[in-house]
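Thank you all for making time this morning. I would like to walk you through one model, taking a helix to begin with, then a sheet, and then the charged pairs.

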Amino acid sequence: MLAVAALLVPLAAAAGCAPAETTPTDAQATCEPGALPTLTDGTLTFGTDQPVYPPWYLDDDPASGEGFEGAVAYAIAEELGYARDRVTWVRVPFNAAIQPGPKTYDVNLTEFSITEERRRAVDFSSPYYDVKQAVIALEGTPAAAATTIAQLKELRVGAQVGTTSLEAVSEQIAPAAGPAVFNTNDDAKLALTNGQIDALVVDLPTAFYITSAELDNGTIVGQLPLGGGTPEQFGAVLDLGSPLTGCVSQAVDRLRDAGTLAQLEAQWLASAGSAPELR
């Protein structure tokens with residue numbers, strides 16, 4: 001499932017993040033409102049994982065439109081001409097959502113970072129959020145006292161399989177024992193609580209939620225710097241070669257230009273706060 005003093009990207013930066021690469025089909029897309037070639041005529045089907053967590057979705061209920069990605073999904077739908085009652089949701093496991101092959105959704109929003117490897121299997125829309133990764137530990141432990149990446153290298157650090165959080169563990173922290181890999185963030189949190197790992201890496205808003213609402217003694221050690229200096233960006237996932245990709249990208253771009261993405265970020269994400277950057 002699953003990238004500077006401010007932990008969350010400033011609203012102005014998020015509002016101005018660069019669009020994803022487009023193709024001729026993107027540029028030529030005809031986006032007749034409410035009449036796109038969706039899986040079900042007249043209905044736009046969104047996919048997401050199960051469960052999903054705040055601040056991305058609230059109460060594991062994407063259809064409520066509450067939480068950042070839930071709100072972004074309905075904003076995209078509105079831009080494409082689909083009223084709320086013409087939107088439906090399906091649940092797709094995180095890793096399965098980006099595997100090659102036919103999809104059960106038209107558009108998927110599950111904190112998927114745009115990577116070139118994933119582009120070989122699926123399409124991405126223009127980015128809707130810039131993110132960095134954070135390290136979580138339990139208060140009073142050596143990991144919680146770390147102020148540099150070097151201090152984490154001899155510790156046991158974990159992340160969810162198939163995520164850019166795991167890539168950050170492998171490439172930026174590079175623990176001597178190798179990364180600890182878990183099927184879900186819930187498994188990783190349990191391992192942290194049980195002392196099987198010393199630290200956990202997740203995206204920044206999720207880190208704030210975990211430490212404020214799920215772990216009584218959890219703390220954010222710090223944020224990891226951008227790998228290679230390139231912002232990590234979340235994009236909506238579509239089937240490879242989907243006729244909807246250009247239309248969804250245009251919708252995201254309009255939402256960014258209108259300031260809507262920044263407003264939704266302020267509403268759902270900007271209250272998290274800040275933390276030091278690990279070097």
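On one side of helix H10, Gln263 and Gln267 are exposed, where exposed means over 50% relative accessible area, buried means under 20%, and partly exposed is in between, with a 1.4 Å probe and protein chains only. Please keep in mind that this is a predicted model, in which local features need pLDDT of at least 70 and side-chain atom pairs count only at pLDDT 80 or more, while totals for chains, interfaces and linings use all residues. Residues are numbered from 1 along each chain as its sequence is written, and side-chain values use heavy atoms, with hydrogens and water left out.

Which residues of H10 are buried? Across residues 260-268, they are Leu261, Ala262, Leu264, Glu265 and Trp268. Looking down the axis of H10, these buried residues fall within an arc of 165 degrees, so they line one face of the helix; the arc is taken from the directions that run from the helix axis to the C-beta atoms. A word on names: helices (H or I, at least four residues) and strands (E, at least two) are DSSP runs, numbered from the N terminus.

Let me turn to the sheet. Five strands form an open sheet in the order E7-E6-E8-E5-E9, with mixed pairing, two strands being paired if DSSP finds at least two bridges between them. The edges are taken by strand E7 (180-182) and strand E9 (218-223), each of which has a single partner strand, so one side of each is left without a neighbour in the sheet. From one strand to the next, the twist averages 35 degrees; axes here are lines fitted to C-alpha atoms, for helices over the stretch in contact, and angles run from 0 to 180 degrees between N-to-C directions.

Within the sheet, strand E6 (residues 157-160) and strand E8 (residues 199-203) pair in the parallel sense over two bridges, and Val157 has Ala199 as its bridge partner in E8. Helix H6 (residues 164-173) packs on the sheet and touches strand E5 (133-138), E6, E7 and E8, with a direction at about 150 degrees to that of E6; contact means heavy atoms within 4.5 Å. Helix H8 (residues 204-214) also packs on the sheet, where H8 touches E5, E8 and E9, and the direction of H8 makes about 125 degrees with that of E8.

Now to the charged pairs. How many salt bridges does a search of the whole structure find? The search finds 10, a salt bridge being a side-chain nitrogen of Lys or Arg within 4 Å of a carboxyl oxygen of Asp or Glu.

One of them joins Arg91 to Asp60, with the closest N and O atoms 3.0 Å apart. Arg91 lies in strand E2 (residues 87-91) and Asp60 in the loop between strand E1 (44-48) and helix H3 (68-79), so this pair ties together parts that are 31 residues apart in sequence. Arg91 is partly exposed, at 28% relative accessible area, and Asp60 is partly exposed, at 28%.

Another salt bridge links Asp239 and Lys103, at 3.4 Å from N to O. Here Asp239 belongs to strand E10 (residues 232-239) and Lys103 to the loop between helix H4 (94-97) and strand E3 (107-108), so the parts tied together are 136 residues apart in sequence. Asp239 is partly exposed at 27%, whereas Lys103 is buried at 10%.
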